[in-house]
Every structure is written in structure tokens, then in C-alpha cells.
Amino acid sequence: MAAALHYETPLVESDLASQRAGCKVFLKLENVQHASVYKIRGIGHRCQKVKNEGCTHLVSSSGGNAGIATAFAGRKLGIPVTVVVPESTPEVMRERIRREGAA
């Protein structure tokens, strides 16, 4: 399989959270992922797998992070993407999905 579509993100200790919890607390900085969505890990892997199996079009039914991750993966893999969103999806999320190249 080709290189992963996600970054290996840093794991850092939070002094403040550790002090408050009374034990070491670590934060996984998923906010640095491509398209700023953590769901690219699983969705990106699945999209790569189905591309290798012959998939020629991706479809997602999410007006949130899953839709953004699918659109990003499709753009990177050169596969058209359709994201179906609920009517209640905010315009800002619709625009993020479109910016990633999904219809």
C-alpha cells in the first residue's frame, strides 16, 4: 500500500492536566493532521484499500469530519468523491468539504 495519508502526530505531556489529575496526562496532537481532522487515519486507510481493489468513486454520508477526511483522501488518491450531507449541516462545513474537492 502507498504511504499513509495521515501524519504521525506528536504526543506531549500536559503539565497542567497532569497536576490536576494527579498523574501524567498526555495529549495526542491530532489537530496537526491534514485537513485538521483525526478521522483521516481510519478513513484514509480504507480509501487507499478500496482504491487498490479498483474503486473509482468514493461516497460519504457525513456533514462533519468524516466527510472532510473522505474528500481529502479522494483528492490525494485522485478519486472523485461525493459527500452527502444532512440539510442541517452548517455552511462552514459544506465549504470545507468542497475545498477538499468533493461534490
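Residues are numbered from 1 along each chain as its sequence is written, and side-chain values use heavy atoms, with hydrogens and water left out. Because the model is predicted, local features need pLDDT of at least 70 and side-chain atom pairs count only at pLDDT 80 or more, whereas totals for chains, interfaces and linings use all residues.

The structure holds 4 salt bridges, a salt bridge being a side-chain nitrogen of Lys or Arg within 4 Å of a carboxyl oxygen of Asp or Glu. One of them joins Arg41 to Glu30, with the closest N and O atoms 3.0 Å apart. This pair links distant parts of the chain, 11 residues apart: Arg41 belongs to helix H2 (residues 40-52), and Glu30 to the loop between strand E2 (26-28) and H2. Helices (H or I, at least four residues) and strands (E, at least two) are DSSP runs, numbered from the N terminus. Arg41 has 26% relative accessibility and therefore counts as partly exposed, while Glu30, at 16%, counts as buried. Buried means under 20% relative accessible area, exposed over 50%, and partly exposed in between (1.4 Å probe, protein chains only).

A salt bridge is also formed by Arg75 and Glu100, whose closest N and O atoms are 2.7 Å apart. Arg75 lies in helix H3 (residues 65-77) and Glu100 in the segment after helix H4 (91-99), so the pair ties together parts that are 25 residues apart in sequence. Arg75 is partly exposed at 42% relative accessibility; Glu100 is buried at 13%. The side chains of Arg98 and Glu91 meet at 2.3 Å, N to O, in another salt bridge. Glu95 is linked with Glu91 and Arg98 in a network of salt bridges.

Helix H2 has 13 residues and reaches 17 Å from its first C-alpha to its last, close to the expected 18 Å; the expected span is 1.5 Å times one less than the number of residues. Its buried residues include Ile40, Gly44, Cys47, Gln48 and Val50. The buried residues of H2 pack against strand E3 (58-60) and H3. Just after H2, Gly54 takes a positive phi of about 105 degrees.

The largest nonpolar core has 19 residues, of which Leu5, Ile40, Leu58, Ile68 and Ala102 touch the most other members. Such a core is a set of buried Ala, Val, Leu, Ile, Met, Phe, Trp, Tyr and Cys residues joined through side-chain atoms within 4.5 Å. H2, H3, strand E4 (81-83) and H4 each give two or more residues to this core, and H3 supplies the largest share, 6 residues. Leaving aside neighbours within four places in sequence, Ala102 is in contact (heavy atoms within 4.5 Å) with Ala71, Val81, Val83 and Ile97.

Ser62 is found in the loop between E3 and H3 and, at 15% relative accessibility, counts as buried. A polar atom of the Ser62 side chain lies 3.0 Å from the backbone nitrogen of Gly64. With neighbours within four places in sequence left aside, Ser62 is in contact with Gly67, Val83, Val84, Val85 and Ile97.

Technical notes. A polar contact is a pair of N or O atoms within 3.5 Å; within protein, one must be able to donate a hydrogen and the other to accept it, and residues adjacent in sequence count only if both atoms are side-chain atoms.
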